[in-house]
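User: Hello! I am new to this structure and would like to learn how to read its features. Could you take me through them step by step?

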Amino acid sequence: MATANTEYKDQLRQLAELMLAVSGESVTLMKKNAPEQALALKRQDEWGLYLEFLKILFNVADRLAALHIPLKDQMAFMNGLEDAVTRQLTHALEPAFGHNVDQMEIVLTVGTAVAESRETYEPYKFLITEESKAKSEMFRDFGEKIAQALGAPGNSRLSSAAALCAGAIVPAISAVLQGQTAPATDAAHKASASMADSLDTKNQTGQEIKLISLMSSVSGEEVETRWGLHPRFREDLTPAELQQLTKLLNRVAKIVGERYAAVAFSDEWASWHKAGHA
């Protein structure tokens with residue numbers, strides 16, 4: 001375990017910083033989306049929301065680690081991530097509580113969050129990089145849990161906002177695991193910006209919501225192109241519409257992927273393709 005933690009020390013630190021930053025930003029964005037409920041939130045309730053986001057981010061990190069970390073190191077890596085989150089959370093709380101912060105309480109809190117994360121989200125079987133019914137169900141159920149915790153059960157707008165917050169971190173975590181990212185603070189800003197773009201609380205005319213996303217990425221000599229749908233948009237489609245849209249997007253993904261590969265591996269773009277995404 002010590003060897004694995006040493007080997008992935010920088011990645012573990014970056015992931016811990018990223019997860020804590022995005023959890024905090026997610027709570028802030030949820031409060032902005034529910035101002036009336038936010039006024040009634042007590043500090044303990046807000047802490048509970050923070051931990052709920054941390055739980056699903058642990059699950060997302062676990063699923064992505066399975067794709068990028070060797071199998072023999074995965075258990076040690078996730079144990080190391082738990083330790084890294086505990087250290088970062090202790091450091092984050094010191095300004096408020098000083099050196100009197102109870103480190104053992106934080107250890108127990110994070111340990112409980114990890115255990116509850118596994119119990120709640122591991123039963124959903126899906127590949128995190130692909131769109132599927134199980135993936136949509138997990139994020140939808142998480143969103144409903146957040147809406148209920150905010151005192152607005154059944155509020156589809158809040159549950160969708162929470163699901164978007166949780167899903168926004170996937171590209172950032174993938175980048176950290178592939179070693180293709182700037183410091184975690186930059187990744188957190190990008191994830192937060194992605195959430196903010198999707199959660200305009202003013203509901204202005206002309207508001208833009210990303211319904212379909214398409215991304216190509218390169219790892220070594222392999223190019224992967226994938227697409228995804230906004231969870232609420234997917235639910236609004238009939239089975240026939242979803243089948244037709246899936247067929248069209250698979251064709252688009254093939255065209256984009258082939259073009260990306262041709263450009264990314266050309267001599268002209270040799271340095272650019274190291275960024276790993278388009």
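Analyst: Gladly. Let us begin with one term: a residue is called buried when its relative accessible area is under 20%. F53 has a relative accessible area of 1%, so F53 is buried. Please keep in mind that this is a predicted model.

User: What share of the residues in the protein chain is buried?

Analyst: Buried residues account for 42% of the 278 residues in the protein chain.

User: How many helices and strands does the protein chain have?

Analyst: There are 12 helices and 2 strands. Reading from the N terminus, the elements follow the order α-α-α-α-α-α-α-α-α-α-β-β-α-α.

User: Where do Y8 and F77 lie?

Analyst: Y8 is in the loop between α1 (2-7) and α2 (9-33), while F77 belongs to helix α5 (residues 71-97), so the pair ties together parts 69 residues apart in sequence. Now apply the burial term: Y8 has a relative accessible area of 8%, so Y8 is buried. F77 has 1% relative accessibility, so F77 counts as buried too.

User: What about the rings of F53 and F142?

Analyst: Their centres are 5.2 Å apart and their planes are at 80°, so this pair is edge-to-face. The pair links distant parts of the chain, with F53 in helix α4 (residues 43-68) and F142 in helix α7 (residues 133-149), 89 residues apart. F142 has 0% relative accessibility, so F142 is buried.

User: Which ring does R63 lie over?

Analyst: R63 lies over the face of F126, at 4.0 Å from the ring centre.

User: How do I read two helices that pass each other, such as α2 and α8?

Analyst: Start with the angle between their axes, since an angle over 145 degrees counts as roughly antiparallel. The axes of α2 and helix α8 (residues 156-167) come within 10 Å and cross at roughly 160°. That is why α2 is roughly antiparallel to α8. The crossing of α2 past α8 is right-handed.

User: Which residues make the contact?

Analyst: From α2, the contact is made by V22, S26, L29, M30 and N33, and from α8 by R157, L158, A161, A162 and C165.

User: Is helix α9 mostly covered or exposed, and which residues in α9 are buried?

Analyst: Helix α9 is mostly covered, with 7 of its 8 residues buried. They are V170, A172, I173, S174, A175, V176 and L177. Take S174, which is found in helix α9 (residues 170-177). S174 has 6% relative accessibility, so S174 counts as buried.

User: What does S174 touch?

Analyst: Leaving aside residues up to four places away in sequence, S174 touches L64 and H68.

User: Which residue takes a positive phi just after α9?

Analyst: That is G179, with a positive phi of about 70° just after α9.

Note on methods. Residues are numbered from 1 along each chain as its sequence is written. This is a predicted model: local features need pLDDT of at least 70, side-chain atom pairs count only at pLDDT 80 or more; totals for chains, interfaces and linings use all residues. Side-chain values use heavy atoms; hydrogens and water are left out. Helices (H or I, at least four residues) and strands (E, at least two) are DSSP runs, numbered from the N terminus. Buried means under 20% relative accessible area, exposed over 50%, partly exposed in between (1.4 Å probe, protein chains only). Rings of Phe, Tyr and Trp (its six-membered ring) pair if their centres lie within 6.5 Å; planes under 30 degrees apart count as stacked, over 60 as edge-to-face and the rest as tilted. A charge sits over a ring if NZ of Lys or CZ of Arg is within 6 Å of the ring centre and within 35 degrees of the ring normal. Axes are lines fitted to C-alpha atoms, for helices over the stretch in contact, and angles run from 0 to 180 degrees between N-to-C directions. Angles under 35 degrees count as roughly parallel, over 145 as roughly antiparallel, 65 to 115 as roughly perpendicular and the rest as oblique. A crossing is left-handed if the near helix is turned anticlockwise from the far one by less than a right angle, and right-handed if clockwise. Contact means heavy atoms within 4.5 Å.
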